[in-house]
Amino acid sequence: MPWLGDNVKWYTRVMPRERASWDDYFMNIAREVSTRSTCDRKFVGAVIVRDKSILATGYNGSIRGLPHCDEEGHLMEDGHCVRTVHAEANAIVQAARNGARIDGSTIYVTASPCWGCFRLIANGGINRIAFGEFYRDPRIFEFSTRLGIELVDMSSRKGEGKVVP
């Protein structure tokens, strides 16, 4: 290529691209976190976020230090595997172990929380739950309204999701 001299300026045209919304970004991370799940009955991931920063993550897995479902099989009670600690609970525990304040945060979870996890989320001060699919317990709708916790159903479309009344 011939020498063009020092005065030549190179310009490139930047084509605009659509960036993921913050909700999509963090939900995509929760989906990736779910790939660490060790119970094949439900792969769930959770990410706790405040001010666009990740505070903690969690996935379905056994009690720390004990064998996982994919190592020893399921421990079933009333049709549920009780060997597994749920993703939301593991994320809350991770935040506590690391001294991260979760009050006023959002939790992104690939499936809506069960009743037990919902209670942990509420008592932890998390005020927004974005979920990727509805999972089993409709009580979260009534109680989130009563508690002022915003529920965002992200299963229907990309973008900011749909706030559940």
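## Helices α3 and α4

In this predicted model, α3 passes α4 in a left-handed crossing, meaning that the near helix is turned anticlockwise from the far one by less than a right angle. Local features need pLDDT of at least 70, side-chain atom pairs count only at pLDDT 80 or more, and totals for chains, interfaces and linings use all residues. Residues are numbered from 1 along each chain as its sequence is written, and side-chain values use heavy atoms, with hydrogens and water left out.

Helices are DSSP runs of H or I with at least four residues, strands are runs of E with at least two, and both are numbered from the N terminus. The axes of α3 (residues 87-97) and α4 (residues 115-123) come within 9 Å and cross at roughly 30°. Axes are lines fitted to C-alpha atoms, for helices over the stretch in contact, and angles run from 0 to 180 degrees between N-to-C directions. The two helices α3 and α4 are therefore roughly parallel to each other, a term for angles under 35 degrees. Glu88, Ala89 and Ile92 of α3 meet Cys117, Leu120 and Ile121 of α4, where contact means heavy atoms within 4.5 Å. Five residues of this contact are nonpolar, none is polar and one is charged. Nonpolar covers Ala, Val, Leu, Ile, Met, Phe, Trp, Tyr, Cys and Pro; charged covers Asp, Glu, Lys and Arg; the others, Gly among them, are polar.

## The buried side of α3

Ala87, Glu88, Ala89, Ala91, Ile92 and Ala95 are buried in α3, that is, under 20% relative accessible area with a 1.4 Å probe and protein chains only. These buried residues pack against β1, β2 (53-59), β6 (84-85), β7 and α4. After α3 comes glycine 99, with a positive phi near 70°.

## Helices α4 and α5

The axes of α4 and α5 (residues 139-147) come within 10 Å and cross at roughly 15°. Helices α4 and α5 are therefore roughly parallel to each other. Trp115, Phe118 and Ala122 of α4 meet Arg139, Ile140, Phe143, Ser144 and Leu147 of α5. This contact of α4 with α5 involves six nonpolar residues, one polar and one charged.

## The largest nonpolar core

A nonpolar core is a set of buried Ala, Val, Leu, Ile, Met, Phe, Trp, Tyr and Cys residues joined through side-chain atoms within 4.5 Å. The largest one has 21 residues, of which Ile48, Ile107, Ile126 and Ile129 touch the most other members. At least two residues each come from β1 (45-50), α3, β7 (106-109), α4 and β8 (128-131). Helix α3 supplies the largest share, four residues.

Technical notes: Angles under 35 degrees count as roughly parallel, over 145 as roughly antiparallel, 65 to 115 as roughly perpendicular and the rest as oblique. Buried means under 20% relative accessible area, exposed over 50%, partly exposed in between (1.4 Å probe, protein chains only).
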